[in-house]
Amino acid sequence: CGENVHKDLSLNVCTSGSATSCEECLLIHPSCAWCAQEVLTLNSRCDFSQNLQKRGCDDPFIENPRSGSSLLRSKPLSSKGSGVTQYDVIQIYPQKISLSLRPGDQTSFEVQVRPVEDYPVDLYYLMDLSLSMKDDLDTIRNLGTKLAEEMRKLTSNFRLGFGSFVDKNISPFSYTAPKYQDNPYKLFPNCVPTFGFRHLLSLTDKVDRFNEEVQKQLVSRNRDAPEGGFDAILQAAVCKEKIGWRKEAYHLLVFATDDVPHLALDGKLGGLVHPHDGQCHLNDKNEYSAANMMDYPSLALLGEKLAENNIFLIFAVTKRHYVLYKNLTALIPGTTVEILDQDSKNIIQLIVNAYNNIRSKVELSVWDHPEDLNLAFTATCQDGQPLTGLRKCADLKIGDTVSFNITVDARGCPPKGTRKGFIIRPVGFKDRLEVSVDYRCDCSCTYYTKSNSSRCNSAGTYSCGMCHCEPGYLGARCECEEGEVDHQHLSACREAEGKQVCSGRGECSCNQCLCYESEFGKIYGTFCECDDFSCARHKGILCSGHGECHCGECKCHAGYIGDNCNCSTETASCASDDGKICSGRGSCVCGRCQCTEPGAFGDTCEKCPTCPDACGTKRECIECRLFNTGRLADNQTCQRMCKDEIITVETLKTDDSNTVQCVYKTENDCVMKFTYSEHANGQSVLTALKEPECAVAPNAMTVLLAVVGSILLMGIVLLAIWKLVITIHDRREFARFQSARSRARYEMVRFDPSTALRLIQMIEIIYL
């Protein structure tokens, strides 16, 4: 609030507050100031600083500290990861800052992040070796060489490691009868005993060793369908010395499986009641030694350890379990999921796509966040447009710089001398920004406090321009004893004529109100007209727990608005996969999308079969998923943005009223047809032709012969018509001649022969 706000004293939060000291005044509102000048006639020493100046308070006596920030370490961003000492690579700016915060007074600072080119990569391949993955094991026996070739196109510093898992070797998860101890599947001779997790190859740049290690592996067998993969993921994350994770590298953990994982509490089925402790338990043989002693890790523990060690987890799973693992990525930060072919033939392209997907995103995470601080983020990505509430940018190219404006607000004051701090770190990066926080809750005038001061008639302590009286004394200079009442001056204790003395919530003593105590909170104010418990509530919680109650009005913390502070201004939950708020089909209200486009639905309004752009949006997915063309094929976002189920058919059915028919023209002037529908489970389904319909180009000779033949045929037809017309015309003329000739013979009877002869000759001449 500015100092021109609430000029009307009845609306002035500073003067209507309960401040009896400078420190209390500063806590009421960030725009409140305190006047420590000794001789001053004011209704309240706590007011807007502009009002205090107008009433004669000199600037040196006004206590009004402000929040601010200062840079402590600010090395410039690097552009490359190779050619320099890895410890000198800087991907976040600044690296250390200090904040001075006055409660309620927001301050902001900017963070820049730039993923550098050619940054080292450590990739650990964690494979499910249950019996159903036998064909996958055969496929990856030469994976190391091929994968290294592809990854070295992206980084010159690449290392590869390998580990495997099955499940806990106890009932009911595995076969524990003595006859299964050496071989849990008698029909398959090369089946090794069940094991939890084995670390087989530490990270190395010698990829031939990866191939050699994979060649040695044999599959095993467990009893139930779920696997113990989460045990293996946790060990691969926390046993960083044995795995060989480098501090100055991207950490990729590829988790390849064809089934679902066991989760926390599943271990109780086998009598494992001890929760996982999150520690490394690899023995001398590099095997997980605590598999049969502790429960499976929880999702929260897994996410914590992955983030703590800067590890990107890539779920490489079969299509059947894609939706499950997709839901897990929303619960575990820094994870992504890709669809694995049944025999893992696409594993190399899957890893490359996942790596490009990871490198195309920057997301900030906050560590050791103090509970009394509110943080609000605004992201400015490559398009330069600020996105309020977002702490993530996507579709980036290596070397792009993105910035985040972070606003910090302290809700209160910790005990004196307390210094707090927190860390901001891009997910998966080793770089971080250290933020130290110093609270500005004290007034400089308190250093001159004097007890039993003569200014207070030796009955109180003088501090910051006013007296704090000993018990039993009242008045501006502690000149009254408690209990003295001047009934002629009770009006001084009434807010207005006709109103109750001290608003009925206190008693008048020495011409001032002494407010009653309340079990609900504090009653305060010159006339006991205010309290800190009569504000709007949400679900029974005062100001929704996101604000402070001041004189009947909620003062919301940063990031919240509304009468009861229940409406969050955060928009991260409204961001769709393409980075748009509510997919451009709605608005983000209180952290949830309200779809305004008719027919749009979904958490981010991403589903809309009837929208005008539905076919255009799904067309991009058809192009990149089926034909590897179009806009999404170039920026490696196809797998991230196009998670719809795509079914290819020879002939497309168009009689279903629940589907949207889509047709578009390809670059080759062919016609591609597909249908778009939404299943009840929320899955979008695209049914498309296997190949576009293309018209066959005509043969040139055929066209030439057809044209010539058509011309000849037309000529013959015209000649025939002409001959027919001539023939009909001749016959009519001949008939006319015959008729005339008959009449001529008749006339010859009446004329002499010579005349008739001449007439006949004339007729013949005319005819010829």
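In the unreviewed UniProt entry, residues 700-722 are listed as a transmembrane region. What we have on the screen is a predicted model, and in this model the span 700-722 is 100% helix and 0% strand.

Let me turn next to a sheet. Four strands form an open sheet, in the order β37-β40-β39-β38, and the pairing is mixed. Which strands form the edges? They are β37, residues 645-649, and β38, residues 660-665, each of which pairs on one side only. On average, neighbouring strands of this sheet are turned by 25° against each other, with direction ignored.

Within the sheet, the edge strand β37 pairs with β40, residues 684-689, in the parallel sense, and 5 bridges connect the two. As a point of reference in the structure, Thr 648 stands opposite Ala 688 in β40.

My last topic is a pair of helices. Helix α4 covers residues 143-151 and helix α5 covers residues 207-216. The two pack at an angle of about 150°, and their axes are 7 Å apart. Which residues make this contact? On α4 they are Leu 143, Gly 144, Thr 145 and Ala 148; on α5 they are Val 207, Asp 208, Phe 210 and Asn 211. Sorted by class, the contact of α4 with α5 comprises 4 nonpolar, 3 polar and 1 charged residues.

Key. Residues numbered from 1 in each chain as written. Predicted model: local features only at pLDDT ≥ 70, side-chain atom pairs only at ≥ 80, totals over all residues. Heavy atoms only, no water. Axes fitted to C-alpha atoms, helices over the stretch in contact; angles between N-to-C directions. Contact = heavy atoms within 4.5 Å. Nonpolar A, V, L, I, M, F, W, Y, C, P; charged D, E, K, R; others polar. Pairing = 2+ DSSP bridges. UniProt positions renumbered as here; feature names shortened; annotations may be inferred.
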